[in-house]
Amino acid sequence: MIINEVAKKLNISPRAIRFYEEKGLINPDRRDNNQYRTFTEKEVWRLQTIIALREVGMGLDDIKKVLGQVELGNKDELLYYLELQRSVMFSTWLEYKQQIITTDRMIEILKQEQALSLNEIVKLAEGSKRIREIRNNWSDKWNFDYRASNHDHVVKANDGLYKNYDQALDTIYKLINPKDNEVGLDIGTGTGNLAGRFISHGYKMAAIDQSKEMLKLCQSKFPQLETRLGNFLAIPYLDDHFDFAVSSFALHHLTDEQKLLALEEIRRVLKPKGRICLADFMFEDEFARQKYLEVLHNKDNQDLIKTIEDKHFSIVSHISDWFENNGYITKQKQLSDVIHIVYAVPIR
């Protein structure tokens, strides 16, 4: 087929086809006598794939990588890039949503007070900008893709910080006490050990993690588990989707500001009566944190000191205060010096 025939078949312009050729995404043959482009079925397929991936917002560089992997028979790479694109789109959607909320607030103030001062505009705009910065400033400085293969060995050794790991997962399951036909979400699932507790009892679960290698292992262990690439700050599901949300040993990878935004995100994807249960490394208060660090210093346990300082262990009261200020009642359980569980149920 020549370029005009392909353009008509795919409902795009010849100019667009030439653009993709210039970018190295397609390489049609040229006739020796007139240099007209001729397109094989393979090139038409590539164009169809490019158009589809552009439709979901994927960049040209990523499309080029995907096409190469797919042609080598690596379908997993296409899946990963599509998952990544969905994650990016949800982040963008949340930014637009926040901008709409900010605009609505400006309109509301203007209607009520017949005026909107510059200070109010700046304050609202800066608040919206700050939320965007908090969401975008997270990065995986711990390299969880690299840690994935050894993750289960570390957590199931039941020593060190993870001494009460299995007990924590079992406690979360008992506190949630799922009902028939309920669907739950495991956030920061890792290799799926917490979600697996629910699946083994016949409950439907979804799970998200920002590490593609963790999710690969998770899927191999629990093929029936729906997994998506995502994180606490941009959960790739629409509003009011789940009956409950759980998370184990993941929240401490967020700063205190990011934790509060994460709690808002969790609430967003839950139905109105959705429950939340979190197990993580936390301290009862700042005094308990200092006391624990003193013990570690006396034992010269520099590795554990570095671990605590490298991460963001929560203060239990800060988490429970957020819940109580947002219409939840909480139940707390301490399993060790550093492992706490917070269970929250909305009351309004």
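This is a predicted model: local features need pLDDT of at least 70, side-chain atom pairs count only at pLDDT 80 or more; totals for chains, interfaces and linings use all residues.
Trp93 is partly exposed, with a relative accessible area of 32%. An α-helix has 3.6 residues a turn, so residues three or four places apart point the same way. Phe90 has a relative accessible area of 12% and is buried, because the limit for a buried residue is under 20%.

A search of the whole structure finds 20 aromatic pairs. In the pair formed by Phe90 and Trp93, the ring centres are 5.8 Å apart and the planes meet at 90°, so the arrangement is edge-to-face.

## Other contacts of aromatic rings

Ring pairs also join several residues into a cluster: Tyr162, Tyr165, Phe249, Phe281, Phe283, Tyr292 and Phe313.

Charged side chains are found over two rings. Lys212 lies over the face of Tyr80, 4.3 Å from the ring centre. Over the ring of Tyr237 sits the charged end of Arg228, at 4.0 Å from its centre.

## The chain as a whole

The chain contains 14 helices and 10 strands. Its C-alpha trace spans about 85 × 60 × 45 Å along the principal axes. Of its 348 residues, 45% count as buried. The chain exposes about 18,900 Å², and carbon and sulfur atoms supply 49% of this area.

Among contacts with a separation of 6 or more, 65% are between residues 24 or more positions apart.

Helix α2 consists of residues 14–22, and its residues Ile17, Tyr20 and Glu21 are buried. Seen down the axis of α2, the buried residues fall within an arc of 105°, so they line one face of the helix. Arg15 and Glu22, on the other side of α2, are exposed. The buried residues of α2 pack against the helices α1 (3–10), α3 (41–55) and α4 (60–71), and against the strands β1 (29–30) and β2 (37–38). After α2 comes Gly24, which has a positive phi, near 80°.

In helix α13, the buried residues are Leu304, Ile305 and Ile308. Viewed along the axis of α13, these residues also fall within an arc of 105°, so they line one face of the helix. Asp303 and Lys306 are exposed on the face of α13 turned away from the buried side. The buried residues of α13 pack against β7 and α12.

In soluble globular proteins, nonpolar side chains tend to be buried together. The largest nonpolar core of this chain has 40 residues, of which Phe198 and Val246 touch the most other members. Each of the following elements supplies at least two residues of this core: the helices α8 (165–176), α9 (193–199), α12 (286–298) and α13 (302–310), and the strands β4 (204–209), β6 (242–248), β7 (270–283) and β10 (339–346). Helix α8 gives the most, with seven residues.

Leaving aside residues up to four places away in sequence, Phe198 touches Ile172, Tyr173, Ile176, Pro178, Tyr203, Met205, Phe244 and Val246. Another core, of 30 residues, lies apart from the largest one; among its members are Leu263, Met282, Ile319 and Trp322.

Definitions and conventions: Residues are numbered from 1 along each chain as its sequence is written. Side-chain values use heavy atoms; hydrogens and water are left out. Rings of Phe, Tyr and Trp (its six-membered ring) pair if their centres lie within 6.5 Å; planes under 30 degrees apart count as stacked, over 60 as edge-to-face and the rest as tilted. Buried means under 20% relative accessible area, exposed over 50%, partly exposed in between (1.4 Å probe, protein chains only). A charge sits over a ring if NZ of Lys or CZ of Arg is within 6 Å of the ring centre and within 35 degrees of the ring normal. Helices (H or I, at least four residues) and strands (E, at least two) are DSSP runs, numbered from the N terminus. The arc is that of the directions from the helix axis to the C-beta atoms. Contact means heavy atoms within 4.5 Å. A nonpolar core is a set of buried Ala, Val, Leu, Ile, Met, Phe, Trp, Tyr and Cys residues joined through side-chain atoms within 4.5 Å. Accessible areas come from the Shrake-Rupley method with a 1.4 Å probe; for residues, only the protein chains shown count as cover.
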